[in-house]
Every structure is written in C-alpha cells, then in structure tokens.
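The following note sets out points for a colleague who is examining the structure shown below.

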Amino acid sequence: MTSNREKMGLKRIVKNVLRLMKDHELKFILTGICAILSVLFTVISPLLLGDAINILIEGASNIINHTGTLDFVGLVKLLTIAATLYFISNVVSYLQTYYLVKTTSDIIYSIRKRIINKVMQMPMPSVDENQRGAVLSMLTNSVNVLEDALTSSFVEITTKLITIIGTLIMMITINALLTVTIVGVVLLSSALIAIVSKFSQKYFTKRLYAQGGTTGQIEEIFSSQEVIRTINYENQITADFNDNVDEWYSHEWKSRFLSSLNTPLTSLNSNLGYVAIAVLGSIFVLQGSMTIGRILSFFEYLKNFTDPIETLTDIMPHLQAGIASAERIFEFLEMEDEDNPSKNELEKFENEITFDNISFGYTENERIIDNFSLTVKKGEKIAIIGEKGSGKTTLIQLLTRLYDVDSGEIKIDGININEYDKNSLRSFMGIILQEIWLFSDTIEENIRYGNLEATENEVIASSHKANSDKFIRQLPEGYDSILNEDGDNISHGQRQLITIARAIISNKEILILDDATSNVDTRTELLIHESLDELMENKTSFIITHRLSTIRNADKIVVIGKGKVIEQGTHEELLAKKGYYYNTLKTQENI
Amino acid sequence: MNDLISPIIKKYKSIILILLLLIVQAYFTLTLPEYTADIVNIGVANADINYVYDIGIKMIAITVLATISAILVSFFSIRFSSGYSRDLRKMIFPKALQFSNLELNDISKSSLITRTVIDVSQIQMFIEELLTVIIFAPILGIGGIMKSLELGTSLSWIIVLIFVVIIILMIPLFKKALPYLGKFQEITDRINGNAREILIGMPVIKTFVRQDYEERKFDKVNSEYHETHINAYRIILLFTPMLSLHLSLMTVGIIFFGSFQIESGDLLIGDLLAFIQYATQIVTSFIMVSTVFTIMPDVTVSIRRVNEIFKTEVSIVDGEIDAVNTENPVIEFRNVDFKYPNSENNILTNINFKLEPGKTVGIIGGIGSGKSTILNLIPRLQDPTGGEILFAGENIKNYKLSTLRENMSLTPQKAHLFKGTVKSNMTIIDKNASDDEINKALKRANVNFIDGLDDEVVQGGANFSDSQKQRLSIARSLLKKCNFYLFDDCFTALDKNTEKIIKNNLKDLEGASILIVSQRISTIKDADEIIVLDDGKIIDSGTHDKLIESCNFYREIVNSQSDTLKDGI
C-alpha cells in the first residue's frame with residue numbers, strides 16, 4: 001500500500017519535473033547532443049593511445065631485430081588525432097554542463113517565482129502563523145535541495161550513465177572476457193559499499209539525535225544565560241553539556257567513519273580492476289588475443305567506468321533528498337488559491353457596515369464568533385473590547401476577509417461583502433496591528449507603502465501628522481534610514497508611529513486598529529493616541545484594545561465575550577449600566 | 001588562534017600516527033604500477049605465465065593492504081577530527097556562558113549557537129579533509145617522483161610542466177570564481193529574509209493589496225540569485241574539463257616523448273605504462289587538493305568566528321572576597337552611570353539609592369528608561385561604567401561572583417524554566433531543599449495549578465501559560481533564603497488578583513530587602529520608597545503619597561493607568 005502510494009507520488013513528481021523542462025526543450029536537446037559527442041570522443045581516444053603503444057612495441061622489436069625503425073610519422077599522426085579528440089570532447093562536455101546548469105537555474109528561478117506567487121494567492125489559513133515555518137522552510141531549504149539535486153545529480157546522472165554504457169560497449173568489443181571480469185569486480189565492491197552504508201545508517205540516526213539534543217540544550221542555555229548566572233548554575237550546566245557532547249562524539253565518529261569507508265572501498269574497486277587488467281591482459285597478450293597497447297586502452301576505460309559509478313553512489317542521497325523536496329514543492333504549488341470568484345469592484349462606502357448574525361470558528365468544533373450582530377454607521381468610531389480570546393481580532397479578520405464567515409453575513413451598504421472582489425474590498429481598509437510589520441528598507445519607502453504614488457512631500461506630511469516626523473529627522477539618515485529586522489535603531493513605539501504614517505498616507509475609508517498600543521508603556525501610548533486621533537479623523541474606525549483608558553471618546557463601545565456582544569453603548573451609557581465595562585474599569589482604577 | 005590549535009597539539013601523537021599510515025598507504029598505492037611494469041617487461045616478454053600469476057597475487061595482496069591502510073587513516077583521522085570538535089565545544093561553552101550583555105552586543109546569542117554548533121562542525125570537516133586528502137597529495141607526489149626516478153626515465157619534467165600549466169590557468173579562474181562563492185551565501189540570506197518578511201507581513205500585504213508589489217520586489221532578489229548562479233557556474237564548470245584535458249594531454253605527451261627513449265632502448269614498454277600510471281596518480285591527487293579552495297572561504301569564516309569567541313575578553317570577572325559581612329546587609333548605589341560601548345547616550349546617569357533590611361524599594365519608569373539595567377547591575381550581569389555599587393560596605397566587584405550572587409535572588413522579566421520537573425526546577429537553587437520547603441515557596445508564589453512536584457516541565461516551560469511560568473519562576477526565587485529579593489517587572493504577566501496574593505506573601509520575607517521594578521503603578525505603590533526613572537535618571541523618589549504631590553511625571557503615569565472613572569460618574 002505504502003510503496004504503491006510512493007510510486008504514484010514519484011510518477012507525479014517526474015511528470016511535474018518534465019513539465020518544468022518543457023519550456024527548455026531546445027537547451028535540453030543541445031545538452032543531449034553535447035553529452036553524446038563528448039562520450040563518443042572520450043571513448044574513442046583510449047583506442048588511439050593503445051595503437052600508439054603498439055607502434056612503440058613494434059618499433060622497439062624492429063630495432064632489436066634490425067628489421068626497421070620506429071614509425072614516428074604514424075605515431076605523431078595517432079597522437080595528434082587523440083589530442084584533438086580530447087580537446088573537442090572536453091569543450092563539448094563543458095558546453096553540455098553549462099547548458100544544463102543554465103537550464104536548471106532557469107527552472108529554480110521560476111519555481112521560486114511560482115512559490116511566492118502562490119503564497120500571495122493562498123488563503124490566510126494556509127500562510128498564517130502556524131504554517132509560516134513550513135512555508136518558509138520549503139521556500140528556502142527545499143528549493144535549495146532541489147536545485148542541488150537538479151544541478152549536481154540530474155546533470156551527472158545522465159552523462160555518467162552515457163559514459164558507463166559507451167565505455168562498456170568499447171570494452172566488450174576489445175575483449176569480452178576481461179570486461180566481464182572488471183564488471184564482476186566492480187559489482188562485488190559496490191555490494192560491499194551498500195552493506196556498509198546500510199550499517200552506517202543506524203549510527204547516522206543516533207548521531208542526528210544526539211546532535212539535535214545538544215543543539216537544543218545549547219539554545220536553551222544561551223537564551224537563558226542571565227538566569228543561569230544569577231542562580232550560580234554554571235558548573236552544573238557545563239557538566240551536563242559535556243556529557244551531551246561526549247555522547248554526540250561517540251555517535252559522530254562512528255557514523256562518519258562508516259560512511260567514509262566509501263572512499264577506500266571504491267579505490268579498492270578500481271585497484272582490483274587495475275590488477276585484473278594487468279594480469280589477465282598480459283595473459284591474453286601471451287595468448288595472442290590482445291595487443292599490449294590495448295592494456296593501456298583498458299586502463300583508461302577502467303577510469304571511465306569506475307569514476308562515474310563512484311559519482312553515482314555519491315549523488316544518490318542528493319537525488320533522494322531532491323525527490324522529497326520536489327514532492328513538497330509540487331504539493332504546495334497544487335494547494336488551493338484564495339477563493340476570489342467575484343470581480344465586482346466595491347466603488348464607494350456611503351452608509352453603514354452590518355454584521356448580521358455571523359458565526360465563525362478556525363476549526364470545525366470551535367466557535368470563536370457566535371451569532372454576532374452589529375451595525376456601524378459611516379464615520380463612527382467603534383471600540384471593541386473584551387478579554388483575550390473573546391474574538392475581537394477574529395472579527396477584524398472576517399471584515400477584511402482574511403477568513404470567511406461560516407454563517408451569517410457582513411454587509412457594506414446592504415450588500416454582502418462576499419459579492420465583491422477581495423482586493424477591492426480590502427483597498428477600502430487601513431489597518432494598524434499589534435504585531436508591527438515594516439520591511440527592511442528606508443523609512444520613506446515604508447511610509448510610501450501605503451500609497452505607492454505618493455510624493456516625498458506627501459510622505460513627510462503624513463509622517464508629520466503621525467507625530468513621527470520629529471524623531472525621524474533626528475536619525476542620522478533621516479527618512480533614508482534603513483529599518484533593520486531587529487529594529488534596534490528605533491523604539492517599538494516609534495515603529496508604530498511609522499505604521500500610522502503609512503495608514504494616514506493610504507487614506508482609507510475604514511480603519512482598523514488592532515491592539516495598536518499594547519506593547520508600549522502607558523505614556524508613549526498617550527502620544528500614539530494623539531496620532532491615531534489624527535488618523536481617524538472623518539473615518540469609520542474599529543478600535544480593538546484591552547486598555548480602556550483610551551476609548552472614552554468612541555461613538556460606540558462594544559464589549560464582546562465568547563464571540564457574542566455582551567453590552568454596547570457610549571462610555572456614559574455603559575457606566576450607567578454598571579455591567580462588565582463598569583466593573584472592569586473599577587478594577588483598573590483600583591490603585 | 002592558540003586556543004584553536006592547542007587541542008591539536010595535545011594530540012600530536014595521533015597526527016604522527018596518521019602521517020605514518022598515509023606514507024604506508026602511498027607506498028602501497030605506488031607499488032602497483034611497478035608490478036605492471038614487471039609483468040609486461042618480464043612476464044610477457046619471456047612468455048612466462050606463472051610469473052604473471054605470481055605477480056598478480058602479489059598485486060592483489062598489495063591492493064588489499066592499501067585499502068586497509070586507507071581505512072585505518074580514515075578511522076584515526078575521523079576520530080581525531082570528531083574529538084577535536086568535541087574538545088572545541090567544551091572549550092567554547094564555559095567561555096560563552098560568561099558573556100554579559102557587553103560581549104553579547106558584539107556576538108549575539110543566536111550567533112553563539114551557530115558558532116558552537118555549525119561553525120565547529122565546519123572546522124571539523126575541514127580537518128578531516130586535511131588529514132585524509134590534502135596531506136596525502138604531497139606524500140603521494142613525492143613518492144611518485146621518487147618512483148619515476150627509479151624507473152630511470154627522463155620524463156618527469158612533463159609532470160612538472162603540466163603542473164605549472166594547470167596552476168597558471170587555474171589561478172585566474174579561482175580568482176574570478178571566489179567572489180561569487182562568497183556572494184552566494186549573502187544572496188541566499190537575502191532571499192530567505194525577503195521570504196520571511198513576506199510571510200510575516202501577509203495580513204498587511206493583503207489588506208494593502210500589495211501582492212504584485214511584493215512579487216516584484218522578490219523577483220529582484222530572485223533574478224539576482226539566478227544571474228549570480230549562472231555567472232559563477234560559467235567559470236566553476238570550466239575546472240573539470242580543463243583538468244581532465246590536461247591529464248589526457250599529459251598521457252599523449254608521455255607517449256610521444258617516451259618514444260625517443262624506447263627507440264634508443266633506454267626505456268621498456270612496461271616502464272612507460274607504469275610511468276603513465278604514476279603521472280596520472282600524482283596529478284589527480286594534487287587536483288584533489290584544489291577542492292580545498294572551494295571550502296576555504298567557508299572555513300576561514302568559521303575559524304574566524306570561533307576564534308572571536310576565544311579572543312573576546314570577558315569583562316565581568318571574579319573578585320577576591322568569598323564571604324559577606326552579615327552585620328551590614330545593605331546594597332548602595334553611589335553615582336552609578338551605565339552606557340553601552342560605542343554608544344553616545346548614557347542608559348543610566350548618576351543613580352543613588354540604598355536597599356536596606358526589611359525595606360521595599362520600587363522603581364517605575366517607561367520602556368527603555370533603564371529600570372531593568374539597574375537591576376542587572378546588582379548581581380553583576382553588567383558592570384557600571386561610572387560610580388560604584390557597595391554591598392555590605394564593599395564594592396561588589398571585589399566579591400567572587402558566586403558569593404555575590406548567592407546572597408541575592410533575582411526574578412527575571414521573562415520567566416525561564418528548565419526541562420525536567422517542577423521539583424528539578426526548584427532544586428537548582430538548593431540541592432538539599434526539602435519537599436516542604438519547596439511546597440512553601442510554591443504556595444507563596446500562588447502556584448495552585450500543578451498536581452505535584454513531579455509534574456513535567458518541557459523545554460522552555462512551554463506546557464505552562466506565561467502567567468504560570470512566571471509564578472513558578474517567582475517560587476524558585478522565593479525558595480532561596482537570602483537578604484535581597486529582586487523582581488524585574490515579573491508581575492506584569494499576572495492578573496491583578498494573583499499579583500495581590502503574591503505581594504501579600506512577600507511580607508513573610510521578614511528582614512529582607514525587596515526591590516521591584518515595574519511599569520505598573522499598582523505593583524510598586526505600597527513600596528517604602530519609589531524611585532521614578534526617566535531616560536536613565538532618577539527624577540524623584542519617595543512614597544506614593546509624596547510623589548503624587550511632588551512629581552508631575554509620576555502623576556502622569558498614574559493618570560495614564562487609572563481611568564477617569566470618578567470624573568465619568
């Protein structure tokens with residue numbers, strides 16, 4: 001059953017790889033011609049060398065017997081032809097490998113492009129936090145492994161196979177018996193190698209395990225250095241570490257040693273072949289069925305025969321890894337795109353947004369949003385509050401259609417948002433998230449991300465409104481400062497101000513602030529809120545927060561719990577109700 | 001560099017053994033062609049089949065011996081190189097463990113991990129390669145030259161000539177290829193970085209509808225990679241055919257020039273065949289050496305990175321004193337300044353305060369105000385750049401680190417639990433702590449969610465929530481009996497109720513001084529003294545009631561955290 005499924009997989013992979021290659025047919029044909037030519041010349045040359053040796057032998061015996069001299073003219077002729085063939089063969093073989101590498105890197109380029117394109121098209125659940133690691137490792141590791149497999153293995157396998165076959169044919173035509181002996185010797189030691197490598201697999205697994213364990217320990221320890229130091233735990237932990245490293249070592253050398261046996265065993269291989277040629281060849285010479293020159297030819301053929309076999313055993317693991325990677329990549333590329341059937345553009349937003357009895361869960365068995373209803377008039381500021389896990393953020397993900405409701409409807413001006421093209425819907429919304437996302441480029445480019453057509457002046461103007469202009473100008477490079485991933489050049493609060501500037505410049509009708517100030521201290525929060533007020537002027541906005549101090553001016557405060565509206569109203573109304581809002585405020589006040 | 005070399009020198013005996021084995025291996029490998037010559041020159045010439053068989057058996061024996069010696073070389077060099085990496089890791093680890101923020105500024109924690117794991121492995125591979133392949137080449141080369149001289153041919157110059165030609169052609173090629181090899185890693189990193197950025201930013205990208213923009217941006221890096229790849233391989237791929245062409249031309253040359261000696265009777269056919277074998281072996285083994293150049297850039301980087309760890313001088317080192325004067329358990333900050341090297345701005349400026357027995361001090365301030373830094377200075381996780389900190393009247397730098405740290409208990413901002421059990425996490429503090437004592441500490445930290453002391457703790461404590469981890473971490477700190485308890489903003493992850501319970505329990509720590517750092521007013525409000533910190537400076541201090549009156553900044557914080565419920569009603 002399993003093997004059957006694997007075969008199906010392999011077939012599909014091969015089909016996919018072949019489809020990739022289709023666009024490069026011409027280059028592949030060219031490669032093939034070069035490969036055949038190169039093998040042909042490589043295989044003929046040893047015969048010429050053998051003939052040259054024969055001329056030498058004949059000449060030597062002529063001289064001893066005084067029957068003539070060495071045929072220099074013939075010798076030079078043969079050697080010149082041989083040298084020319086060698087030259088051509090190598091030039092052709094260069095061209096062949098070059099074309100193949102060019103083709104494979106073209107293929108890899110387009111695979112990367114397709115993956116990123118896929119990532120862009122996929123629905124949010126396939127690329128969210130839980131999937132991020134998997135997608136990333138595919139984009140980087142798997143593609144690299146596949147590239148490795150395509151460039152090194154794929155190229156080599158085809159040419160090496162041709163070389164082996166060509167050499168085999170030539171050897172058989174010269175002397176079948178000697179050929180059979182050589183093949184026998186080679187097979188024998190290949191079997192030996194196979195046995196050893198099977199044996200080494202066991203230690204290899206153990207080694208990986210020990211290595212993983214130690215790496216994990218190192219990570220844990222280095223990331224908690226301060227704790228370890230303050231509790232005087234260093235000596236104990238160093239002793240533990242040394243134990244782990246010792247164990248790793250014992251598996252490490254065993255597995256490496258066993259797998260290193262490949263090299264001496266393959267050279268045993270070619271040396272035994274060498275002996276067979278020298279001994280058997282001489283016997284055939286004595287019997288008159290072969291010339292001495294052919295012994296040299298055979299020496300050359302032996303090299304042409306065993307080298308490719310050695311390479312093939314070396315690249316087998318690469319190939320296997322490549323197949324596994326290809327499988328992951330093609331599976332990924334075949335995943336479903338984000339469903340976006342409608343091409344209707346949302347033209348304008350005039351009246352209201354309605355959440356009409358909606359329900360949603362990330363998995364089938366949970367209900368994050370449970371029969372939720374709410375109406376928001378254009379221009380209103382809506383604050384959504386509630387405890388962790390109450391469904392605040394989910395609500396926003398449904399409104400932006402990163403996820404789709406399970407039941408109920410979200411409507412804009414009475415029309416279900418599912419009727420619109422997702423992108424056109426989203427282009428009406430600006431968001432500020434708790435998890436700040438800026439990319440590594442200049443501050444100016446990051447702000448302009450909100451409106452790609454914005455001029456430099458517009459960028460600065462919106463930055464001004466967001467209260468970020470002042471600190472940006474204080475940076476040594478001003479708006480040209482590059483934001484790095486660690487973000488150590490500016491503070492968290494400042495980064496949030498930049499995203500606000502980005503939202504201001506994008507000038508969207510609907511604004512969503514998802515816990516935008518939760519990672520800053522309370523005084524900075526006040527500053528950010530000033531900027532947010534600027535941003536929200538004349539807009540319809542949704543403010544999600546768990547800090548109540550900042551939402552008093554909202555037109556409506558919606559308290560949700562377990563996916564349902566618990567209470568809603570203005571600050572004053574809710575206080576009068578003395579419900580959840582009132583009680584929460586009271587505990588926060590309690591200092 | 002000495003640190004990297006010392007484990008090698010210590011095992012010089014292994015190296016000598018490996019060298020001897022390599023010579024043996026070379027000897028056997030080079031003997032084979034000699035026998036071929038004998039077979040052709042004597043066996044075939046005299047039509048003596050028995051002689052051919054005799055030599056054949058000897059050749060097989062030598063082949064087997066050569067293989068055995070090669071296996072032994074592998075065995076010893078792999079044990080050597082694996083052992084080297086083990087020793088190196090054992091040396092790096094305790095050193096890196098001493099790094100404070102000061103050193104970690106230059107070598108980050110994640111970089112320390114890669115250095116200990118990957119860079120060391122890289123060096124290990126290199127040493128293995130060095131012992132089995134790279135040293136073997138010259139041994140084989142010298143042996144081969146001796147052998148071919150024995151044959152009495154005057155053809156050795158061809159080998160030398162081919163070498164010179166190969167080197168002359170290769171050097172410019174290598175020079176052209178090397179920059180590309182270095183660039184690969186850099187571009188791969190950029191591709192990965194860009195991909196990560198895209199994945200993390202997906203919600204933003206989708207809502208800004210910037211899919212095309214991002215694809216175009218990615219395409220730029222992708223194209224660059226594509227181009228670099230092709231350009232690099234245009235050169236790298238030249239190596240193999242070029243080398244094999246020269247090897248073949250060498251054989252052609254040997255036959256041509258050998259023909260003169262054959263004609264004059266100075267050289268026998270068998271010897272010519274043997275010489276061709278020698279020449280090929282010698283040149284091939286030297287070509288193997290050239291693989292060094294492809295791994296060289298990576299290895300040099302790894303060596304440099306590991307060496308950096310050894311070169312880094314640890315700034316925080318032991319003092320002399322190993323006992324504390326218990327009569328005066330006071331910690332005092334005197335005009336303490338702190339700043340990072342290469343940074344212009346002080347993190348802390350002129351900090352003065354005292355921790356006295358039985359008193360609680362609170363420090364409040366915004367993110368980046370330097371609160372945690374003050375705390376880290378006390379157990380000397382960092383050292384002040386100005387002023388001094390006194391412990392029982394003595395500068396803390398004069399104590400042994402373990403002595404100093406034994407006398408205090410710090411709960412970090414980010415709780416860290418170790419893999420093991422609840423109990424094993426507690427006994428880290430005190431090996432001999434009884435279950436009763438542990439339970440008491442757990443109770444004080446309001447740990448009411450475990451079944452027993454043997455509950456499992458997975459790596460990083462991931463099987464507990466943030467708040468639970470924090471409580472366990474607090475329990476661990478409370479288990480320690482000492483005069484100073486330092487809490488670094490560790491109550492933030494707790495809900496108010498739990499915080500209240502734990503703070504109440506802290507009153508049991510009679511006679512000890514408590515220092516609590518927080519950005520939450522409610523946490524430090526009851527402290528005997530509250531220090532208000534802004535931008536690394538103490539702007540005011542006193543009790544809550546006093547500060548409400550005197551300190552505008554403090555009032556602002558209070559206002560930003562309390563809602564205006566009173567006004568509302």
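A polar contact is a pair of N or O atoms within 3.5 Å; within protein, one atom must be able to donate a hydrogen and the other to accept it, and residues adjacent in sequence count only if both atoms are side-chain atoms. The model under discussion is predicted.

1. On the side of chain B that touches chain A, the greatest contribution comes from helix α3 (residues 49–97) of chain B, which supplies 23 residues. By type, the residues on this side of chain B comprise 71 nonpolar, 41 polar and 28 charged. Four salt bridges are counted between chain B and chain A. One such pair is Lys113(A) with Asp219(B), whose closest N and O atoms are 3.6 Å apart.

2. Extent of the interface. The size of an interface is often given as the accessible area lost when the parts come together. Here the area buried between chain B and chain A is about 13100 Å², and carbon and sulfur atoms give 70% of that area. In terms of residues, 136 of chain A are in contact with 140 of chain B.

3. A buried threonine with partners in both chains. Thr36(B) belongs to helix α2 (residues 12–44) of chain B. Its relative accessibility is 2%, so Thr36(B) counts as buried. Leaving aside residues up to four places away in sequence, Thr36(B) touches Tyr274(A), Ala278(A) and Phe299(A), as well as Met59(B).

4. Salt bridges in the whole structure. Over all chains, the search finds 38 salt bridges. In one of them, the side chains of Asp356(A) and Lys411(A) meet at 3.6 Å, N to O. Because Asp356(A) lies in strand β1 (residues 352–360) of chain A and Lys411(A) in strand β4 (residues 407–412) of chain A, the pair ties together parts that are 55 residues apart in sequence. Asp356(A) is partly exposed at 32% relative accessibility, whereas Lys411(A) is buried at 18%. Asp356(A) and Lys411(A) also belong, with Glu409(A), to a network of salt bridges.

5. Further charged pairs. Arg367(A) forms a salt bridge with Asp370(A), with 3.0 Å between the closest N and O atoms. Arg367(A) is exposed, having a relative accessible area of 52%, while Asp370(A) is buried at 15%. In chain B, Arg86(B) and Asp87(B) form a salt bridge in which the closest N and O atoms are 3.3 Å apart. At 17% relative accessibility, Arg86(B) is classed as buried.

6. Which strand holds Ser409(B)? Ser409(B) lies in strand β6 (residues 408–411) of chain B, and with a relative accessibility of 4% it counts as buried. Ser409(B) and Lys480(B) are 71 residues apart in sequence, yet their C-alpha atoms are 6.6 Å apart in space. Beyond residues up to four places away in sequence, Ser409(B) touches Ser477(B), Lys480(B), Cys482(B), Phe484(B), Tyr485(B) and Leu486(B). A polar atom of the Ser409(B) side chain lies 2.7 Å from the backbone oxygen of Ser477(B).

7. Confidence in chain A. The average pLDDT of chain A is 83, and 94% of its residues score at least 70. Residues 1–8 of chain A have a pLDDT below 50, and this stretch has zero contacts in the model beyond near neighbours in sequence.

How values were computed
Residues numbered from 1 in each chain as written. Chains lettered and ligands numbered in written order. Predicted model: local features only at pLDDT ≥ 70, side-chain atom pairs only at ≥ 80, totals over all residues. Heavy atoms only, no water. Contact = heavy atoms within 4.5 Å. Buried area = accessible area lost by both parts, 1.4 Å probe. Helix = DSSP H or I, 4+ residues; strand = E, 2+ residues; numbered from the N terminus. Nonpolar A, V, L, I, M, F, W, Y, C, P; charged D, E, K, R; others polar. Buried < 20%, exposed > 50% of the residue type's maximum accessible area, 1.4 Å probe, protein only. pLDDT = per-residue confidence, 0-100.
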